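This report looks at how parts of one protein chain pack together. Keep the sequence and the structure in view while reading.

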Amino acid sequence: MVTILKATKENIEKTAELLKAGEIMAIPTETVYGLAGDATNDQAVTKIFAIKNRPNFNPLISHYSSFEKISRDVIIDERSKKLANKFCPGPLTFVLPKTIDSRISLLASAGLNTAAVRIPAHPIAQAILNQIDRPIVAPSANLSSTLSPVNAKHVEQNLGNRINWIIDGGDSEIGLESTVIDLSTSEAKILRYGKISPEEIKSVIGKVLLPEDEISEIKAPGMLLKHYSPTTPLRLNPMKANINEALLAFGDKIIEGDFAFTKNLSPGANLNEAAANLFKYLHELDQMGFSSIAAMTVPNESLGLAINDRLRRAEYKE
Ligand code: TXA
Ligand code: MG
């Protein structure tokens with residue numbers, strides 16, 4: 001049975017103790033809720049892969065309380081320093097070469113010589129990390145390939161029979177996973193779209209490749225095509241309503257026919273609002289028993305790139 005804990009001082013201390021002892025807990029971050037465990041402990045990392053049914057070739061992100069702390073485990077370069085100055089703590093994950101004596105479990109980095117690191121901005125995540133002298137891995141707190149959780153309730157619904165504790169931090173403010181940028185080679189490359197847009201990154205380091213720029217190798221296996229999917233089949237950009245179909249709308253465009261129910265990600269067409277509502281509304285529609293969900297894509301710019309990316313991955317595939 002899972003217990004949802006309030007983020008009191010005692011519970012944060014308890015969380016830090018349990019994590020140090022190799023336990024797994026769901027914790028809030030500003031992007032989505034994470035399934036946290038000690039990144040230096042092979043057994044804890046193994047448990048996380050098992051709880052999530054996550055393929056073990058898909059590496060995890062290690063979380064730290066500050067950018068300075070990552071240098072023990074990964075090699076910092078000028079680009080990462082500049083980006084960190086601007087965006088850390090926050091929704092940006094760096095893939096960097098590991099140091100020779102990196103503490104990050106080989107299982108967490110899926111045997112690669114690089115590791116993904118992030119400094120979450122959420123005050124509860126910060127408070128927990130501040131009490132722990134080691135990195136904490138935290139993939140999204142959901143079964144692999146299902147919708148990411150943006151509140152404690154979602155985690156309970158998805159993993160309630162597989163974990164013992166969830167720290168409640170309310171709704172995740174951003175609602176979409178961090179942008180992942182690979183800085184392990186001379187050409188910086190975005191591996192996963194997120195809150196920090198390509199333009200914002202370019203304004204700091206000049207040049208960055210996009211996920212679609214090279215498709216020969218799956219470098220971020222989280223980018224496998226079916227990901228972030230609801231159980232109810234989802235289709236994109238409907239021309240008109242199907243029977244017993246819900247609509248996930250955006251802005252004020254009207255679509256022909258009668259949808260059984262409509263949720264609007266942002267009636268005023270605001271992308272930040274749409275991102276914060278995306279997984280929340282998909283969870284909600286998924287629970288209501290519709291035959292299908294029809295979703296409108298959003299303008300393909302800045303945060304819209306990340307929203308459309310998640311929608312395409314949520315789309316029904318045979
Ligand atoms: O916002 C987030 O990043 C959330 C919160 C909880 O922090 N976490 C999250 O973790 O989304 P996860 O495990 O669901 O996604 C990690 C992504 C995956 O796409 C994975 O393939 C990529 O990071 N990744 C991790 N290590 C990597 C590495 N060494 N090289 C390339 N990609 C890596
Ligand atoms: Mg995930």
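At roughly what angle do the axes of helix 7 and helix 8 cross, and within what distance do they come? The model is a predicted one, and the answer below is computed from it.

## Helix 7 and helix 8

Two packed helices are described by the angle between their axes and the distance between the axes. Helix 7 covers residues 271-286 and helix 8 covers residues 303-314. Their axes cross at roughly 25° and come within 9 Å. Angles under 35 degrees count as roughly parallel, so helix 7 and helix 8 are roughly parallel to each other. Their crossing is left-handed.

On the side of helix 7, the contact is made by Leu271, Asn272, Ala274, Ala275, Leu278 and Phe279. Helix 8 contributes Leu303, Gly304, Ile307, Arg310 and Leu311. Sorted by class, the residues of this contact are eight nonpolar, two polar and one charged.

## Helix 1 and helix 4

A second pair is formed by helix 1 (residues 9-20) and helix 4 (residues 123-130). Their axes are 9 Å apart, and the packing angle is about 55°. Helix 1 and helix 4 are therefore oblique to each other. The crossing of this pair is right-handed.

The contact involves Ile12, Thr15, Ala16 and Leu19 from helix 1, together with Ile124, Ala127 and Ile128 from helix 4.

Alanine 127 and serine 65 are 62 residues apart along the chain, while their C-alpha atoms are separated by 8.2 Å.

## The nonpolar cores

The largest nonpolar core has 75 residues. Which of them touch the most other members? They are Leu83, Phe94, Ile181, Leu248 and Ile307. Helix 7 gives the most to this core, with eight residues. A second, separate core has 16 residues, among them Ile27, Ala36, Ile128 and Trp165.

Isoleucine 181 can be followed in detail. Leaving aside residues up to four places away in sequence, isoleucine 181 touches Leu83, Leu92, Thr93, Phe94, Val95, Ala188, Lys189, Ile190, Leu191, Ile201, Ile205 and Val208.

Helix 3 spans residues 78-87 and includes arginine 79. Not counting residues up to four places away in sequence, arginine 79 touches Leu183, Thr185, Ser186, Glu187, Ala188 and Ile205. Glutamate 30 is 49 residues from arginine 79 along the chain, and the C-alpha atoms of the two are separated by 24 Å.

Serine 80 also lies in helix 3. Its relative accessible area is 0%, so serine 80 is buried. With residues up to four places away in sequence left out, serine 80 touches Phe67, Phe94, Leu96 and Leu183. In the loop between helix 3 and strand 5 (92-97) lies proline 89. The peptide bond from cysteine 88 to proline 89 is cis, with omega near 0°.

## Leucine 247 in strand 12

Strand 12 (residues 245-249) contains leucine 247. Buried means under 20% relative accessible area; leucine 247 has 6% and is therefore buried.

Which residues surround leucine 247 in contact, beyond those up to four places away in sequence? Leucine 247 touches Pro238, Ile255, Phe259, Phe261, Thr262, Lys263, Leu285, Ala294 and Met296. One of these, phenylalanine 261, is 14 residues from leucine 247 in sequence, and the two are 6.3 Å apart in space, C-alpha to C-alpha.

## Two positive phi values in loops

Asparagine 53 has phi near 55°, a positive value in a residue other than glycine. Asparagine 53 is found in the loop between helix 2 (42-52) and strand 4 (61-63).

Serine 302 likewise has a positive phi, near 35°, and is a residue other than glycine. Its place is in the loop between strand 14 (292-295) and helix 8. Serine 302 has 28% relative accessibility and so counts as partly exposed.

How values were computed. Residues numbered from 1 in each chain as written. Chains lettered and ligands numbered in written order. Predicted model: local features only at pLDDT ≥ 70, side-chain atom pairs only at ≥ 80, totals over all residues. Heavy atoms only, no water. Axes fitted to C-alpha atoms, helices over the stretch in contact; angles between N-to-C directions. Helix = DSSP H or I, 4+ residues; strand = E, 2+ residues; numbered from the N terminus. Parallel < 35°, antiparallel > 145°, perpendicular 65-115°, else oblique. Left-handed = near helix turned anticlockwise from the far one by under 90°. Contact = heavy atoms within 4.5 Å. Nonpolar A, V, L, I, M, F, W, Y, C, P; charged D, E, K, R; others polar. Core = buried A, V, L, I, M, F, W, Y, C linked by side-chain atoms within 4.5 Å. Buried < 20%, exposed > 50% of the residue type's maximum accessible area, 1.4 Å probe, protein only.
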